Amino acid sequence: MNCFPLFCRILMAAFLLTATVSFQQPASLKAFIPKGYEILDTTTGDLNRDALPDMIMVLRKKGEDSTSDVVEHPEKRPLLILLGQQDHSYKLAARNDNVVYCVDCGGMMGDPFQGVTIKNGYFSVEHYGGSAWRWTRIITFRYSPDDKNWYLHKDGGDSFHASQPDSVTTKVRTAKDFGKVPFVKYDIYKEN
């Protein structure tokens, strides 16, 4: 017999869900959230190579599930680069509303946003979507210490048909293909 009965697992899952829903963000982050928005995701790491913990914050509009229209009016999801300060506060370094796909941009697979990763001055925004044809899209930005800015480093992903998941096509473009694109000017909704 299982020593961790199904009932206990259900109670644990309910507790974790309640704990997740009731989690409050620190007051210092609320100043960066515009009225009518809430936090979709946060990720910490060193974005500008100064050894202080920085943060990427992705926001979503409250009620976006019912107001977003991928064709005519996708609800934009702001991505904020917040730099850690010596006093443990954050300072807004940059914002772009066109780096994270909208809630209904993923097709039949639902919300395509998968998360953000940070590593040594780079950060990547990851998406996954589609229906019979599946796709990923990973957009990576790199910090430039010369002008203290982030630039598009790579933009690409995989595609495959659900009936042939081992037959994957990968397309990745780099700065050699698109030139020097600052983070604030990048637009995921426009084909470059």
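# Strand pairing, pocket and cores in a predicted model

Histidine 127 has arginine 137, in β7, as its bridge partner. The model is predicted: local features need pLDDT of at least 70, side-chain atom pairs count only at pLDDT 80 or more, and totals for chains, interfaces and linings use all residues. Residues are numbered from 1 along each chain as its sequence is written, and side-chain values use heavy atoms, with hydrogens and water left out. The chain holds four helices and nine strands (DSSP runs numbered from the N terminus, H or I of at least four residues for helices and E of at least two for strands).

**Overall layout**

- Along the sequence, the elements follow the pattern α-α-β-β-α-β-β-β-β-β-β-β-α.
- Of the 192 residues in the chain, 36% are buried (under 20% relative accessible area, with exposed over 50% and partly exposed in between, for a 1.4 Å probe and protein chains only).
- Among contacts (heavy atoms within 4.5 Å) between residues at least 6 apart in sequence, 46% join residues at least 24 apart.

- β5 and β6 pair in the antiparallel sense over six bridges (two strands pair if DSSP finds at least two bridges between them).
- In this pairing, glycine 115 has glutamate 126 of β6 as its bridge partner.
- The hairpin of β5 and β6 has two residues between the strands, and asparagine 120 in the turn has a positive phi of about 50°.
- β6 (residues 122–130) runs antiparallel to β7, and nine bridges join them.
- Glycine 130 stands opposite arginine 134 in β7, and a hairpin joins β6 to β7 through two residues.
- β7 and β8 are antiparallel and pair over ten bridges.
- The hairpin of β7 and β8 has four residues between the strands, and lysine 148 in the turn has a positive phi of about 55°.
- β8 and β9 pair over six bridges in the antiparallel sense, with glycine 157 opposite lysine 171 in β9.

**Largest pocket**

- The largest pocket has a volume of about 350 Å³.
- A pocket here is an open set of points on a 1 Å grid over the protein atoms alone, where a 1.4 Å probe fits, with protein on both sides within 12 Å along at least five of seven lines; lining residues have an atom within 4 Å of a point.
- Its volume is the space filled by probe spheres set on the points, which are joined across faces, edges and corners.
- The lining has 16 residues, and Thr136, Arg137, Gly156, Gly157 and Lys171 lie nearest the centre of the pocket.
- At least two lining residues come from each of β7 (133–144), β8 (149–161) and β9 (169–174), and β8 gives the largest share, five residues.
- By class, the lining has two nonpolar, seven polar and seven charged residues (Ala, Val, Leu, Ile, Met, Phe, Trp, Tyr, Cys and Pro count as nonpolar, Asp, Glu, Lys and Arg as charged, and the others, Gly among them, as polar).

**Nonpolar cores**

- The largest nonpolar core has 27 residues, of which Ile56, Leu79, Ile81, Phe123, Phe141, Trp150 and Phe183 touch the most other members (a core is a set of buried Ala, Val, Leu, Ile, Met, Phe, Trp, Tyr and Cys residues joined through side-chain atoms within 4.5 Å).
- At least two residues of this core come from each of β2 (54–61), β3 (77–84), β4 (90–100), β5 (113–119), β6, β7 and β8.
- Another core, of nine residues, lies apart from it and includes Phe32, Ile39, Leu59 and Leu80.

**Individual residues**

- Phenylalanine 123, leaving aside neighbours within four places in sequence, is in contact with residues including Leu47, Ile56, Leu79, Ile81, Phe141, Trp150 and Phe183.
- Isoleucine 56 is in strand β2 and counts as buried because its relative accessibility is 1%.
- Isoleucine 56 and leucine 80 are 24 residues apart in sequence and 5.7 Å apart in space, C-alpha to C-alpha.
- Not counting residues up to four places away in sequence, isoleucine 56 touches Asp41, Thr42, Thr43, Leu47, Leu79, Leu80, Ile81, Val116, Ile118 and Phe123.
- Threonine 140 is in strand β7 and counts as buried because its relative accessibility is 11%.
- With residues up to four places away again left out, threonine 140 touches Tyr122, Phe123, Ser124, Tyr151, Leu152, His153 and Lys154.
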